[in-house]
Amino acid sequence: RQVRDQLLLASRNLGRVDYRALNADGKAQYDTAKRFIEQADLALQEKNLVFAAKLAEKAAGLATSLLGR
């Protein structure tokens, strides 16, 4: 449940970021956060909760940091 909540938060935060306004580093972080979300979803499907939690945490952190840009 916590993993799903973090993934939802990360997705929402990424949705609020204007990708076009980001510099190259910001775009790379955005893309990385998206990949972490996708990988975490796969890990959840495979019942690998520890890995999914780590990926969700990283995605949420990147997405939150991008909000300030």
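Which backbone nitrogen does a side-chain oxygen of Asn-23 reach at the start of helix 2? The backbone nitrogen of Asp-25, to within 3.2 Å.

## Basis of the model

This is a predicted model, in which local features need pLDDT of at least 70 and side-chain atom pairs count only at pLDDT 80 or more, while totals for chains, interfaces and linings use all residues. Residues are numbered from 1 along each chain as its sequence is written, and side-chain values use heavy atoms, with hydrogens and water left out.

## Helix 2

Helices are DSSP runs of H or I with at least four residues, numbered from the N terminus. Helix 2 covers residues 24-45. Its 22 residues, at 1.5 Å a residue, should span 32 Å, and the C-alpha atoms at its ends are 32 Å apart, which agrees. The expected span is 1.5 Å times one less than the number of residues.

The buried residues of helix 2 (buried: under 20% relative accessible area, with a 1.4 Å probe and protein chains only) are Gly-26, Gln-29, Tyr-30, Ala-33, Phe-36, Ile-37, Ala-40, Ala-43 and Leu-44. Viewed down the helix axis, they fall within an arc of 145 degrees, so they line one face of helix 2. That arc is taken from the directions between the helix axis and the C-beta atoms. The face turned away from the buried side carries Ala-24, Glu-38 and Gln-45, which are exposed (over 50% relative accessible area). Helix 1 (2-15) and helix 3 (49-67) are among the parts that cover the buried residues of helix 2.

## The nonpolar core

A nonpolar core is a set of buried Ala, Val, Leu, Ile, Met, Phe, Trp, Tyr and Cys residues joined through side-chain atoms within 4.5 Å. The largest one has 21 residues, and those with the most contacts inside it are Val-3, Leu-7, Ala-10, Leu-14, Tyr-30, Ile-37 and Leu-66. Helix 1, helix 2 and helix 3 each supply at least two residues of this core. Helix 3 gives the most, with 8 residues.

Contact here means heavy atoms within 4.5 Å. Leaving out residues up to four places away in sequence, Ile-37 touches Leu-7, Ala-10, Ser-11, Leu-14 and Ala-59.

Asn-13 lies in helix 1 and is buried, with a relative accessible area of 5%. Apart from neighbours within four places in sequence, Asn-13 is in contact with Ala-63, Thr-64 and Leu-67.

Lys-58 is in helix 3 and counts as partly exposed at 48% relative accessibility; that class lies between the buried and exposed limits. Lys-58 and Ala-10 are 48 residues apart in sequence, with 9.1 Å between their C-alpha atoms.

## The aromatic pair

Rings of Phe, Tyr and Trp (its six-membered ring) pair if their centres lie within 6.5 Å. By this rule there is 1 aromatic pair. The rings of Tyr-19 and Tyr-30 have centres 4.9 Å apart and planes at 65 degrees, so the pair is edge-to-face (planes over 60 degrees apart; under 30 is stacked and the rest tilted).

Tyr-19 lies in the loop between helix 1 and helix 2 and Tyr-30 in helix 2, so the pair ties together parts that are 11 residues apart in sequence. Tyr-19 is partly exposed at 31% relative accessible area, whereas Tyr-30 is buried at 12%.

Lys-47 is in the loop between helix 2 and helix 3. Lys-47 has a positive phi of about 65 degrees although it is not a glycine. With a relative accessible area of 70%, Lys-47 is exposed.

Note on methods:
A polar contact is a pair of N or O atoms within 3.5 Å; within protein, one must be able to donate a hydrogen and the other to accept it, and residues adjacent in sequence count only if both atoms are side-chain atoms.
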